[in-house]
Amino acid sequence: MSLLPLEANPDVMNKLLHLLGVPKKWSIVDVYGLDEDALAYIPKPVLALILLCPGTDQFLQHAEQQIEKLKEEGQVLDSDLFFMKQCVTNTCGTVALIHSVANNADKVGLEDGPFKKLLNDIKDLTPEEKGEKLFKSEHEAFNLLSTHQELALEGQTEVNPNDQAKNHFFALVEKAGHLYELNGSKEFPINHGSTTPESFLEDAAKVCREFIARDAEDVNFTVLALAAAEN
């Protein structure tokens, strides 16, 4: 099955967010800038940032170097951190959204339903097994593959379903005092250092700025936030 990529469109992503069981007091919003003034306009609290990056040679090279360095040096990974591998092409947007929600399930008050039950059922599986189970669940009320495809079709950008997306989504979340990058195409989560719920937005924005600086000539970056819904 050839899937379309999910568009970096808050309206589309909010439909998926709420289908997963996230109450409507939370939403995905655009982040229009990463400086202090722009961040001040984002509704608080912010529980996750989602960065859409161009899949350039610089992006891929940095990812490879980062992984090799961490394999040698090691890093702190919280045992309760939810991380899944992306097992289906063009689903990185959905994976980023799941990472954002699954690591904040208690904070958002995730509602009882098929997705919450599935998260609980797979919590002790490997990242690869989590990805397989989530995308191959055929629960009558929750089929992630068909839901992703239906919402991707609502996007405003025309794409060929047989082409692999050139841009890539990943999530940044706070867990147990650490800032984690959760990218389903990487071997494991990336710990970007200490943070707190109060400083998370500024700390995550700094990580986003570093990604953008490495590809400063490319304009194909988009930042979204999982935040309190505006009244």
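1. The end of helix α1. In this predicted model, helix α1 is followed by G21, a residue whose phi is positive, near 110 degrees.

2. The buried side of helix α1. Helix α1 spans residues 10–19, and P10, V12, M13, N14, L16 and L17 are buried in it. Among the elements that cover these buried residues are the strands β1 (26–31), β2 (46–54) and β6 (222–228), together with the helices α4 (92–102) and α8 (144–152).

3. In soluble globular proteins, nonpolar side chains tend to be buried together. Here the largest nonpolar core has 47 residues, and those with the most contacts inside it are I28, I50, F82, I98, L110, F115 and L134. Helix α4 gives the most to this core, with 7 residues. A second, separate core has 24 residues, including V29, C53, F170 and C208.

4. The aromatic pair. The whole structure contains 1 aromatic pair. The ring centres of F170 and F211 are 4.9 Å apart and the ring planes stand at 45 degrees, so the pair is tilted. Because F170 lies in strand β3 (residues 167–175) and F211 in helix α9 (residues 200–214), the pair ties together parts that are 41 residues apart in sequence. F170 is buried, with a relative accessible area of 0%, and F211 is buried as well, with a value of 4%.

5. Charges over rings. The charged end of R214 sits over the ring of F211, 4.6 Å from its centre. K130 lies over the face of F82, at 5.6 Å from the ring centre.

6. Side chains of opposite charge can pair when their charged atoms come close. The count of salt bridges comes to 7. In one of them, E174 pairs with K107, the closest N and O atoms being 3.2 Å apart. This pair links distant parts of the chain, with E174 in strand β3 and K107 in helix α5 (residues 105–108), 67 residues apart. E174 is buried, at 9% relative accessible area, whereas K107 is partly exposed, at 41%.

7. Further salt bridges. E181 and K186 meet in a salt bridge of 2.6 Å, N to O; E181 is buried at 1% relative accessibility, and K186 is buried at 6%. Another salt bridge joins E210 and K206 at 2.8 Å, N to O. E210 and K206 are 4 residues apart in helix α9, so about one helical turn separates them. E210 is partly exposed, at 32%, and K206 is partly exposed, at 45%. Salt bridges that share partners join E68, K71 and E187 into one network.

Key:
Residues numbered from 1 in each chain as written. Predicted model: local features only at pLDDT ≥ 70, side-chain atom pairs only at ≥ 80, totals over all residues. Heavy atoms only, no water. Buried < 20%, exposed > 50% of the residue type's maximum accessible area, 1.4 Å probe, protein only. Helix = DSSP H or I, 4+ residues; strand = E, 2+ residues; numbered from the N terminus. Contact = heavy atoms within 4.5 Å. Phe/Tyr/Trp six-rings, centres within 6.5 Å; stacked < 30°, edge-to-face > 60°. Lys NZ or Arg CZ within 6 Å of the ring centre and 35° of its normal. Core = buried A, V, L, I, M, F, W, Y, C linked by side-chain atoms within 4.5 Å. Salt bridge = Lys/Arg side-chain N within 4 Å of Asp/Glu carboxyl O.
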